[in-house]
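Have the sequence and the model open as you read.

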Amino acid sequence: MLRHYEKILRLFPYSRLMFGAAVFKIIPIAYSEPSRLEETYTMPESLDAVLAAAKEFLDADSSYRLETFWDLWQYENGEWKLAPSRVALSCFGSEFQDTEEHLGVEFGIDSLYLPQPGLPNSVKMAQFNIKSLLKLVHDLDNALNVDRRRLWIESGENFSELLQVALLETE
């Protein structure tokens with residue numbers, strides 16, 4: 001799986017607005033366990049160091065997680081601007097207990113991708129963020145020959161339904 005994880009890490013559009021502050025963790029067995037490794041890196045410059053650390057601690061029961069940033073449109077202080085948004089890129093060993101997935105990308109809070117009623121140009125800016133997300137998903141599909149994808153958000157709700165409702169509310 002690390003071969004595929006490397007493809008994700010190399011394709012990912014890291015933030016140009018927030019340098020450094022990427023944290024790489026290797027978690028054994030389950031999320032409840034303490035990390036075997038937790039290091040801070042500057043991405044994408046330190047990509048080879050991240051991959052070397054992952055290979056050094058290669059185990060079927062481990063999770064490899066890079067917490068980093070990418071740039072999305074966000075409404076701050078009365079205006080829209082590109083700003084760093086947290087994202088996590090993960091690879092799971094076949095014996096890691098907390099998931100049946102092999103690879104995962106956590107894109108952050110769903111409100112970054114949904115139009116926000118009452119904010120000017122909200123639909124347009126949400127569309128820009130969704131296009132960024134879909135471009136990355138398309139690039140990953142091409143690079144990894146993906147069998148299936150699952151779009152999951154923290155609330156557990158169906159994201160496509162939330163998006164449809166939000167778009168109707170902003171019309």
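## Starting at Ser63

Leaving out residues up to four places away in sequence, Ser63 touches Lys25, Ile26, Ile27, Tyr31, Cys91, Phe92 and Phe96, where contact means heavy atoms within 4.5 Å. Ser63 sits in strand E3, residues 62-76. Its relative accessible area is 0%, so Ser63 is buried; buried means under 20% relative accessible area, exposed over 50%, and partly exposed in between, with a 1.4 Å probe and protein chains only.

A word on the ground rules: this is a predicted model, in which local features need pLDDT of at least 70 and side-chain atom pairs count only at pLDDT 80 or more, while totals for chains, interfaces and linings use all residues. Residues are numbered from 1 along each chain as its sequence is written, and side-chain values use heavy atoms, with hydrogens and water left out.

## The overall build

How many helices and strands are there? The chain has 4 helices and 5 strands, and along the sequence they come in the order α-β-β-α-β-β-β-α-α. Both kinds of element are DSSP runs numbered from the N terminus: helices are H or I with at least four residues, strands are E with at least two.

The C-alpha trace spans about 50 × 30 × 30 Å along its principal axes. For 171 residues a compact globule would have a radius of gyration near 16 Å, and the chain's 17 Å agrees with that. The radius is taken over C-alpha atoms, and the globule rule is 2.2 Å times the number of residues to the power 0.38. Of the contacts with a separation of 6 or more, 61% are between residues 24 or more positions apart.

## Surface and charge

Of the 171 residues, 41% count as buried. The chain exposes about 10,200 Å², with carbon and sulfur atoms supplying 49% of it; these areas come from the Shrake-Rupley method with a 1.4 Å probe, and for residues only the protein chains shown count as cover.

As for charge, there are 16 positive and 27 negative side chains, and the centres of the two sets lie 7 Å apart. Lys and Arg count as positive and Asp and Glu as negative, while His and the chain ends are not counted. Each charge is placed at NZ of Lys, CZ of Arg, CG of Asp or CD of Glu.

One of the strand residues to look at is Glu39, in strand E2 (residues 37-41). Glu39 is partly exposed at 37% relative accessible area. Beyond its neighbours within four places in sequence, Glu39 is in contact with Ala22, Val23 and Phe24. Ser15 is 24 residues from Glu39 in sequence, and their C-alpha atoms are 18 Å apart in space.

## Aromatic pairs

The chain has 7 aromatic pairs. Rings of Phe, Tyr and Trp (its six-membered ring) pair if their centres lie within 6.5 Å; planes under 30 degrees apart are stacked, over 60 edge-to-face, and the rest tilted. Among the pairs is Phe12 with Trp70: their ring centres are 5.6 Å apart and their planes are at 35 degrees, so this pair is tilted. The pair links distant parts of the chain, with Phe12 in the loop between helix H1 (2-11) and strand E1 (22-28), and Trp70 in strand E3, 58 residues apart. Phe12 is buried at 4% relative accessibility, and Trp70 is buried at 2%.

Tyr31 and Phe96 pair edge-to-face, at 5.2 Å centre to centre with 80 degrees between the planes. This pair also links distant parts of the chain: Tyr31 is in the loop between E1 and E2, and Phe96 is in the loop between strand E4 (79-92) and strand E5 (103-106), 65 residues apart. Tyr31 is partly exposed at 38%, whereas Phe96 is buried at 2%. Both residues touch Ser63. Elsewhere, Phe12, Tyr14, Trp70 and Phe107 form one aromatic cluster.

## Backbone details in the loops

Asn77 has a positive phi near 55 degrees, in a residue other than glycine. Asn77 lies in the loop between E3 and E4 and is exposed at 77% relative accessibility. Asn121 has a positive phi too, near 60 degrees. Asn121 is in the loop between E5 and helix H3 (122-144), and is exposed at 52%.
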